[in-house]
Amino acid sequence: MTSQPKHSSFDALIAEPNLALAMQIASGTGKLLLDRPDDLGVTTKSTATDVVTLMDQAAEAFIVSELGKHRPNDAILGEEGANQVGTSGLQWVIDPIDGTVNYLHKVPHWCVSIGLMEESSGLALAGVVYVPVLDQMYISSRGLGAWVVEAGVPRELKVSGCTELSQALMGTGFGYSSSRRASQARVLQEVLPKVADIRRLGSCAVDLCLVADGVLDGYYERGVNAWDHAAGELIAREAGAVSSGLFGNPIGNDMIVVANPAIHGDLVAILEANQADQD
Ligand code: LIP
């Protein structure tokens, strides 16, 4: 279980070269994605509801090419298949569109997510989550706090002060297979009566940034991948959130629970009591 509340200077944060590069690439990717063709070339991946568009692929190709120009020795892992080995010990973990279903349906909550990890430890070093439709750039670098830049104006991020789970607005998400969704519905049935309300906004990375901003009090989900949470989880922790899996496990595909420190333990307890890390 990790948490690291920090206070930071925005100037020190954006002077960090890896973060500055990630911001520049995320901004360029956002521009590319806002210029939508009429035909998005939709196909499916793991199930009939797991969609991918030509724009996911074009955006990933753009990010990989930009990283290749500026950081040729770093490894890259991307949702749409990028898997490059590096020699620097650093790995970029990218999701060109987190919230592809929202992108397809023109719901604004989709983003470009770019995280930088230390390969040996798996520690997140920097993260950018850019929401192009809302022009919100959420950023963090390890130890330097978390900020959002909205239409050019920076603001430091801080988790909510909610102290009662019964008052908490909780984010979650659902997987793409019916069997996974059935078990997530079972868990939801137990969580929903114990919180103020639930939001399913459709992007893990955006949900994590909303926890960082105190808009959501917490977020949990089973089945998300490294590219979904690499950047957002760092941003949430640097804004004061606590992050963990269940039963003492680290965050991962089985479960991610990220919430303000006052409610994280109670949320974990409900999820553990309902074995939410299993189908
Ligand atoms: C999606 C998430 C969403 C989650 C889905 C999926 P994609 O990512 O961010 O919140 O519930 O299971 O992982 O497929 O849009 O990149």
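Start with the rings: a search of the whole structure turns up two aromatic pairs. To count as a pair, rings of Phe, Tyr and Trp (its six-membered ring) need centres within 6.5 Å; planes under 30 degrees apart are stacked, over 60 edge-to-face, and the rest tilted.

Select Phe10 and Trp147. Their ring centres are 5.2 Å apart and their planes meet at 50°, so this pair is tilted. Phe10 belongs to helix H1 (residues 10-14) and Trp147 to strand S10 (residues 146-150), so the pair ties together parts that lie 137 residues apart in sequence. Helices (H or I, at least four residues) and strands (E, at least two) are DSSP runs, numbered from the N terminus. Phe10 and Trp147 are both buried, where buried means under 20% relative accessible area, exposed over 50%, and partly exposed in between (1.4 Å probe, protein chains only).

Now pick Tyr103 and Trp110, an edge-to-face aromatic pair with 4.7 Å from centre to centre and 85° between the planes. Both of these residues, Tyr103 and Trp110, are buried.

A quick word on the ground rules. This is a predicted model, where local features need pLDDT of at least 70 and side-chain atom pairs count only at pLDDT 80 or more, while totals for chains, interfaces and linings use all residues. Residues are numbered from 1 along each chain as its sequence is written, and side-chain values use heavy atoms, with hydrogens and water left out.

Next, go to Val129 in strand S8 (residues 124-131). Is Val129 buried or exposed? Val129 is buried, with a relative accessible area of 0%. Leaving aside neighbours within four places in sequence, its contacts (heavy atoms within 4.5 Å) include Cys111, Tyr138, Cys209 and Ile235. Val206 is also worth a click: Val129 and Val206 are 77 residues apart in sequence and 7.3 Å apart in space, C-alpha to C-alpha.

Last stop, the ligand. Zoom in on the side chain of Glu221, where an N or O atom is 2.5 Å from an oxygen atom of the ligand. On the backbone side, a polar atom of Phe174 is 3.0 Å from a ligand oxygen, and a backbone N or O atom of Ile97 lies 3.3 Å from a ligand oxygen.

Notes:
Polar contact = N/O pair within 3.5 Å; in protein donor to acceptor, adjacent residues only side chain to side chain.
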